[in-house]
Amino acid sequence: MRQVLVNIGNHFDLASSIFVAPRKGIYSFSFHVVKVYNRQTIQVSLMQNGYPVISAFAGDQDVTREAASNGVLLLMEKEDKVHLKLERGNLMGGWKYSTFSGFLVFPL
């Protein structure tokens, strides 16, 4: 089950899981994901306009659950799009135990 805790301005679309920048500026994004199962690696990338910007990996072979996190400041133009993409592996409970946050730091 996906849910949105705060979405002031409704710029994050829950159905597509895409954030659309309402204006040009510097934005902060972070995410935290949890993998499940031994002997697998996960890779999650933060995508801006369809291109990977940053990734996080979890691949310890000796644990059943492991977390991966990352964050970044991005210069975004109005209507640029950001979303997370699971590049490899399986997440525990799908996206249920994962978080994605973003906010405008400085308008330009």
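These are my notebook entries on a predicted model, taken one topic at a time.

**Ground rules**

I number residues from 1 along each chain as its sequence is written. Since this is a predicted model, local features need pLDDT of at least 70 and side-chain atom pairs count only at pLDDT 80 or more, while totals for chains, interfaces and linings use all residues, and side-chain values use heavy atoms, with hydrogens and water left out.

**Entry 1: the core**

I began with the inside. The largest nonpolar core has 20 residues. Such a core is a set of buried Ala, Val, Leu, Ile, Met, Phe, Trp, Tyr and Cys residues joined through side-chain atoms within 4.5 Å. Buried here means under 20% relative accessible area, exposed means over 50%, and partly exposed is in between (1.4 Å probe, protein chains only). The residues with the most contacts inside this core are Phe-29, Phe-31, Val-33, Leu-46, Leu-74 and Met-76. Strand 3, strand 4, strand 5 (51–58), strand 6 and strand 7 (81–88) each supply at least two of its residues. Strands are DSSP runs of E with at least two residues, numbered from the N terminus. In soluble globular proteins, nonpolar side chains tend to be buried together.

**Entry 2: Phe-31 and Val-44**

Next I listed what Phe-31 touches, skipping residues up to four places away in sequence; among its partners are Val-44, Leu-46, Ile-54, Leu-84 and Phe-100. Contact means heavy atoms within 4.5 Å.

Is Val-44 buried or exposed? Val-44 counts as buried because its relative accessibility is 0%. I found Val-44 in strand 4 (residues 42–48).

**Entry 3: aromatic rings**

I then searched the whole structure for aromatic pairs, and there are five. One of them is Tyr-27 with Phe-29, a stacked pair with 6.2 Å centre to centre and 20° between the planes. Rings of Phe, Tyr and Trp (its six-membered ring) pair if their centres lie within 6.5 Å; planes under 30 degrees apart count as stacked, over 60 as edge-to-face and the rest as tilted. Both Tyr-27 and Phe-29 are buried. Ring pairs link Phe-12, Phe-19, Tyr-27, Phe-29 and Phe-100 into a cluster.

Ser-28 sits in strand 3. Ser-28 is buried because its relative accessible area is 17%. Its contacts, not counting residues up to four places away in sequence, include Leu-73, Phe-103 and Val-105.

Leu-73, Leu-75, Phe-103, Val-105, Phe-106 and Leu-108 make a nonpolar surface patch of about 620 Å². For such a patch, residues need over 30% relative accessible area and no salt bridge, and nonpolar side chains (Val, Leu, Ile, Met, Phe, Trp, Tyr) are joined within 5 Å. The areas come from the Shrake-Rupley method with a 1.4 Å probe. Which strand gives the largest share of the patch? I get strand 8, with three residues. Strand 6 (65–76) and strand 8 (99–107) each supply at least two.

**Entry 4: salt bridges**

I count two salt bridges, each a side-chain nitrogen of Lys or Arg within 4 Å of a carboxyl oxygen of Asp or Glu. Lys-24 pairs with Glu-77, the closest N and O atoms being 3.8 Å apart. This pair links distant parts of the chain, 53 residues apart: Lys-24 is in the loop between strand 2 and strand 3, and Glu-77 is in the loop between strand 6 and strand 7. Lys-24 is partly exposed at 36%, and Glu-77 is partly exposed at 38%.

Lys-85 bridges to Glu-87, with 3.9 Å between the closest N and O atoms.

**Entry 5: Arg-23**

Arg-23 lies in the loop between strand 2 (18–20) and strand 3 (25–36). Arg-23 counts as partly exposed because its relative accessible area is 41%. Arg-23 and Pro-107 are 84 residues apart in sequence and 7.3 Å apart in space, C-alpha to C-alpha.

**Entry 6: positive phi**

Most residues other than glycine have a negative phi. Asn-10, not a glycine, has a positive phi of about 55°. Glu-79 also has a positive phi, near 75°.

Key:
Helices (H or I, at least four residues) and strands (E, at least two) are DSSP runs, numbered from the N terminus. Patches are made of residues with over 30% relative accessible area and no salt bridge: like charges are joined within 9 Å, nonpolar side chains (Val, Leu, Ile, Met, Phe, Trp, Tyr) within 5 Å.
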